[in-house]
Amino acid sequence: MERSISPDSILLLKTAQATGVTTAWDRYEAQLPQCGFGETGLCCRHCLQGPCRIDPFGVSGPKYGICGASADVIVARGLARSIAGGTASHSAHAKHLVHTMLKFSRGEAPDYSIKDKDKFYAVLQRVGITRDGKSEEELAGELAQLALDEFSEREDPPVWLKTTITPARMQKFEQFGLIPSGLDSAVAEVMHRTTNGVDADAVNILLGAIKCAVGDYTGMYLATDLSDILFGTPAPVMARANLGTLKENAVNIAVHGHNPVLSEVIVAQAELMREEAIAAGAPAGINLVGICCTGLEVMMRHGIPTATNSLSQELAILTGALDAAVVDYQCIMPSLPTVASHYHTAIITTMSIAKITGAHHIEFDEKHAGQKAQEIIRLAIEAFKKRDPAKVNIPPVVNDAWAGMSAETIVKVLALVDPQDPLKPLVDNIVNGNILGVCLFAGCNDVKITQDKTFVELVKALAAENVLILCTGCASGSFARHGLLTPAATEKYAGPGLKAVLTALGQAAGLGGPLPLALHTGSCVDNTRAASIATAIANKLGVDVSALPVVATAPEAAMEKAVSIGTWAVAMGLPTHVGVVPPVTGSPLVVQVLTQTAKDLLGGYFIVEPDPKAAAAKLVAVLKERRAGLGI
Ligand code: BF8
Ligand code: SF4
């Protein structure tokens, strides 16, 4: 199988081969064939009597685990635990932001401030906190406390859930018992009910898993709100992409991971430390680039280039020009220090919960944020001094990429066409058929799929059918690296109706051309930005999200976080495509619930289709079915 269609990845994979450096692709191939029990979800290790394995063909092998768990129960429990893993990740990210805001409110985080006051006031109003002459710090403290209360057990539905979804969706969640009592308790409940001897009804387990995923949505919404308040709501910004954004004559530092709490301070300090880098022999100073979602956060807010994605993160080191990778948490390969041992690159971990053997560790804390960021940058400058010029091999691949398309930005652009009723131009163009529907691209790169191939083929096929594209996370990174976040891509790939709409909006926004083919809506936690637009449209039309011609896709999904996001997208009523077969095929019942029964209960459901052309055809058919349902 071809490993990647990304030119910079292809070039550096050759370097890896020539120099004997092992990458994720090599380790994947060394695993093949992967375990069939694991692939079908039929392996259970939830107690020490296991591992138990069920015969996937139902022929002569075991049909039950030692405790009597069936294939359906084992598969459902495995999926539920993945969703709990994803939810725990996003919720921990959100909680980190809550603590930062709390520290700010107490004067214990001097490097932070309320950057976006408009959003601050809008969120306060939405969650029901009155301003009443209170100071900014007092209000921040109240908001942080309310947010913190979302995590533990509470009697009322989570505030960030009930204030952000349609009334009809809220009713549905009540009807099916899908409202989590708290974000942490949602995860804990799944861990409890999936342990040996608790929930042994596959459908009930799946409902519990969906409830947890609704908690995932809630935590993600909260994280995006607090990030925008503390660091600014993204506005349109032209950035660049690919590993060609590394500079031979600069100290190159990659910020990698997910949470902007540290990377925002690094961006600020890097400006101040330029002279130190120049004095060390780097005439271009400090060049910050991003990897994964931390990278996308600073791309959205500061135009910092996105160098590469999760799957190809090791390749950044193989350029020989990366002086440091500063990581926080999630999607960071434990292999980074091993790859870096062939080069001069400093791998710097910063979180107490996310250390890697062989990396430097500089523990970050909000109280000393600026000082810690300086320490980190100084370590990068020291590493730069050890760079071997003979090993520098930066692929000459750079693409332009527009970012910063937050929900607020999209509404502002639409308001240029109709200031009284900003959503009207979008709704009108959906009704008149210029736009067939909307597709949110999310999720990862997955080593099981040629990197970026499904992303690129699927987006081109959907855009040609006049589907408006939003993207987040590694989908945004992938499109950025292939020049698809540009007006030129719109000219080339958009169908006539979509092109006309994007051109009218781009001209209204003063771009002198169309908006980019795909609107980069943010990092993975920012998937709720797209959900908020769908909710606003649904509320405007007086329908539920499940009636709208809106779909989601994670064509190259890899992580548990992608599973939890996909599941809440389904819970919200969105048909959701996945291009990688998840480990559920060992249970026809689970497959049926996810792909069919969910449609009857929630409106949303999973569509599993690895082939991009077939996936495009299925998604277009779904959008047409939704349009027919609305009578348009
Ligand atoms: O949260 S898309 S590989 S980087 S999990 Fe990870 Fe997947 Fe990328 Fe960001 Ni999201
Ligand atoms: Fe086996 Fe049941 Fe234990 Fe799972 S929980 S390992 S199926 S005995």
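Biologist: Which residues is Thr-454 in contact with, leaving aside its neighbours within four places in sequence?

Modeller: Thr-454 is in contact with Ile-449, Pro-555, Glu-556, Pro-610 and Pro-612, where contact means heavy atoms within 4.5 Å. This is a predicted model: local features need pLDDT of at least 70, side-chain atom pairs count only at pLDDT 80 or more, and totals for chains, interfaces and linings use all residues. Residues are numbered from 1 along each chain as its sequence is written, chains are lettered from A and ligands numbered from 1 in the order in which they are written, and side-chain values use heavy atoms, leaving out hydrogens and water.

Biologist: Why is Thr-454 called buried?

Modeller: Buried means under 20% relative accessible area, exposed over 50%, and partly exposed in between (1.4 Å probe, protein chains only). Thr-454 has 4% relative accessibility, so Thr-454 counts as buried. The residue is part of helix 19, which covers residues 453-464; helices (H or I, at least four residues) and strands (E, at least two) are DSSP runs numbered from the N terminus.

Biologist: How do you know whether Leu-246 counts as buried or exposed?

Modeller: The relative accessibility of Leu-246 is 4%, so Leu-246 counts as buried. Leu-246 lies in the loop between strand 3 (237-241) and strand 4 (251-256). Beyond its neighbours within four places in sequence, Leu-246 has contacts that include Asn-287, Val-289, Ala-316 and Ile-394.

Biologist: Which residues of helix 9 are buried, and what covers them?

Modeller: In helix 9 (residues 183-193), the buried residues are Leu-183, Ser-185, Ala-186, Val-187, Val-190 and Arg-193. Their cover includes helix 4 (71-105) and helix 10 (202-231).

Biologist: Which residues does a cis peptide bond join?

Modeller: One cis peptide bond joins Leu-32 and Pro-33, with omega about -5°. Pro-33 is in the loop between helix 2 (24-31) and helix 3 (36-40). Another joins Gly-50 and Pro-51, with omega about 5°. Pro-51 is in the loop between strand 1 (43-44) and strand 2 (52-53).

Biologist: How many helices and strands does the protein chain have, and why is the chain called as compact as a globular protein of that length?

Modeller: The protein chain has 26 helices and 16 strands. Its radius of gyration is 24 Å, close to the 26 Å that the globule rule gives for 632 residues, so the chain is as compact as a globular protein of that length. The radius is taken over C-alpha atoms, and the rule is 2.2 Å times the number of residues to the power 0.38. Buried residues make up 61% of the 632 residues.

Biologist: What are the domains of the protein chain?

Modeller: They are domain 1 (7-53), domain 2 (71-231), domain 3 (243-391) and domain 4 (402-630), with bounds from an automatic or database domain assignment. The C-alpha centres of domain 3 and domain 4 are 31 Å apart. Their contact takes 16 residues from domain 3 and 24 residues from domain 4.
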